[in-house]
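Please look over the sequence and the 3D structure below before reading on.

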Amino acid sequence: MPFLTRLADVARRTGHPVTEVPGWRERGHGPQPEVQGIVCHHTAGPAGGGDYPSLAVVRDGRPGLDGPLSHFGLGRSGHIYVIAAGRCWHNAPSTSDFHTNSRSLGIEAENDGSQPWPAEQLDAYRKLCAELCREFGLPASRVKAHREVNTSKPDPHSIDMDDFRAAVAALIDGSPAPGGGGAGPSWTEDIVKQLPLIRRGDDNVDVKTVRGCLFARGHVPRAAYAEVADGLEGWLNTTVYDDQLVELVREFQRAEGLDADGAVGPQTWPPLLRI
Ligand SMILES: [Zn+2]
């Protein structure tokens with residue numbers, strides 16, 4: 001495996017802002033031999049100092065350990081810094097074969113080791129791990145805290161890694177990242193699943209939604225509400241799914257090429273709502 005020059009594109013799929021740190025494509029202790037795991041760290045940097053004060057240390061190293069120390073930096077705001085495309089010194093010795101420096105990617109999230117994690121930073125952390133898992137074909141179980149693969153390390157502090165991995169797994173096979181793309185059910189399908197089935201004889205506020213949508217789609221002729229008290233307004237506010245409405249829904253269904261059963265369910269809601 002060569003230098004991983006797609007890492008910035010992968011990071012952008014999270015929807016969080018990305019900075020490509022100059023020179024990242026050639027930076028590394030040689031190329032990255034393999035990617036079998038992801039290791040999550042905290043920087044143990046200063047409590048203040050802006051979004052990502054540890055950038056120079058992660059890029060250039062510290063006394064006794066040359067940089068780069070990780071492929072990614074993660075700022076307090078959820079901003080992602082792409083630091084290296086080659087091998088990094090972020091986990092040695094490793095208790096896991098999948099998480100050695102030669103076989104894993106490192107993410108160094110800014111945190112002094114005890115301060116609370118901002119929600120935006122955690123969101124970016126989970127999404128970056130999920131996108132990396134997708135990119136390299138890894139299950140969420142390959143995402144590990146440094147402390148889980150190196151017994152002398154405490155980082156990242158206070159993150160329940162089982163919860164974290166469950167969230168990463170949901171992102172991997174669930175909804176796409178902001179900006180589109182990705183596999184799995186769309187938000188539209190999620191919405192439709194929560195909509196009620198409405199049939200003849202029902203009497204509830206959802207019936208008003210059906211009436212309003214039908215009217216908006218041009219499927220309510222003037223004659224339908226000519227005899228109703230308050231006219232169109234009265235018609236739109238009627239909560240009963242009566243025979244007349246069943247017929248109007250059937251006409252809408254025929255126009256949409258659907259089974260004209262006169263009930264509003266999973267097939268009829270999407271064209272009615274235009275979602
Ligand atoms: Zn660490």
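Gly 73 stands opposite Tyr 81, which belongs to β6. The two strands concerned, β5 (residues 72–74) and β6 (residues 80–82), are antiparallel and share three bridges. This is a predicted model, and its mean pLDDT is 91.

**Confidence**

- In this protein, 92% of the residues reach a pLDDT of 70 or more.
- Residues 177–186 form a stretch where pLDDT stays under 50.
- For that stretch, the model has 16 contacts beyond four places in sequence.

**The sheet**

- Six strands make up an open sheet, in the order β1-β6-β5-β7-β2-β8, and the pairing is mixed.
- At the edges are β1 (18–20) and β8 (143–145), each of which pairs on one side only.
- From one strand to the next, the twist averages 25°.
- Strands of a sheet pair through backbone hydrogen bonds, in either a parallel or an antiparallel way.
- Strands β2 and β7 run parallel and are joined by six bridges.
- Within that pairing, Gly 106 in β7 is the bridge partner of Val 39.
- Strands β5 and β7 also run parallel, and three bridges join them.
- Phe 72 stands opposite Ile 107 in β7.

**Strand β7**

- How many of the six residues of β7 are buried? Six of the six are buried, and the strand is described as mostly covered.
- In a regular strand, side chains alternate between the two faces of the sheet.
- Ser 104, Gly 106 and Glu 108 point one way from β7.

- Helix α3 (residues 119–136) lies across β2 (37–42), β5, β6, β7 (104–109) and β8.
- The direction of α3 is at about 170° to that of β7.
- Helix α5 (residues 161–173) lies across β2 and β8, and runs at about 155° to β8.

**The protein as a whole**

- The secondary structure consists of eleven helices and eight strands.
- The protein is more spread out than a compact globule, because its radius of gyration is 27 Å, well over the 19 Å that the globule rule gives for 275 residues.
- Along the principal axes, the C-alpha atoms fill a box of roughly 85 × 35 × 35 Å.
- Of the 275 residues, 43% count as buried.
- Among contacts with a separation of 6 or more, 68% are accounted for by residues 24 or more positions apart.

**Two residues in the loop between β6 and β7**

- Is His 90 buried or exposed? His 90 has a relative accessible area of 6%, so it is buried.
- His 90 lies in the loop between β6 and β7.
- Leaving aside neighbours within four places in sequence, the contacts of His 90 include Val 39, His 41, Leu 69 and Ser 70.
- His 90 is also in contact with Asn 101 and His 146, and with Ser 104, Leu 105 and Gly 106.
- Ala 92 lies in the loop between β6 and β7.
- Ala 92 counts as exposed because its relative accessibility is 58%.
- Apart from neighbours within four places in sequence, Ala 92 is in contact with Asn 101 and Asn 150.
- Ala 92 and Arg 200 are 108 residues apart along the chain, and their C-alpha atoms are separated by 67 Å.

**A residue in the loop between β2 and α2**

- Gly 48 is found in the loop between β2 and α2 (55–60).
- Beyond neighbours within four places in sequence, Gly 48 is in contact with Pro 53 and Arg 76.
- The C-alpha atoms of Gly 48 and Ala 170 are separated by 33 Å, and the two residues are 122 residues apart along the chain.

Terms used:
Residues numbered from 1 in each chain as written. Predicted model: local features only at pLDDT ≥ 70, side-chain atom pairs only at ≥ 80, totals over all residues. Heavy atoms only, no water. pLDDT = per-residue confidence, 0-100. Contact = heavy atoms within 4.5 Å. Pairing = 2+ DSSP bridges. Helix = DSSP H or I, 4+ residues; strand = E, 2+ residues; numbered from the N terminus. Axes fitted to C-alpha atoms, helices over the stretch in contact; angles between N-to-C directions. Rg over C-alpha atoms; globule rule 2.2 N^0.38 Å. Buried < 20%, exposed > 50% of the residue type's maximum accessible area, 1.4 Å probe, protein only.
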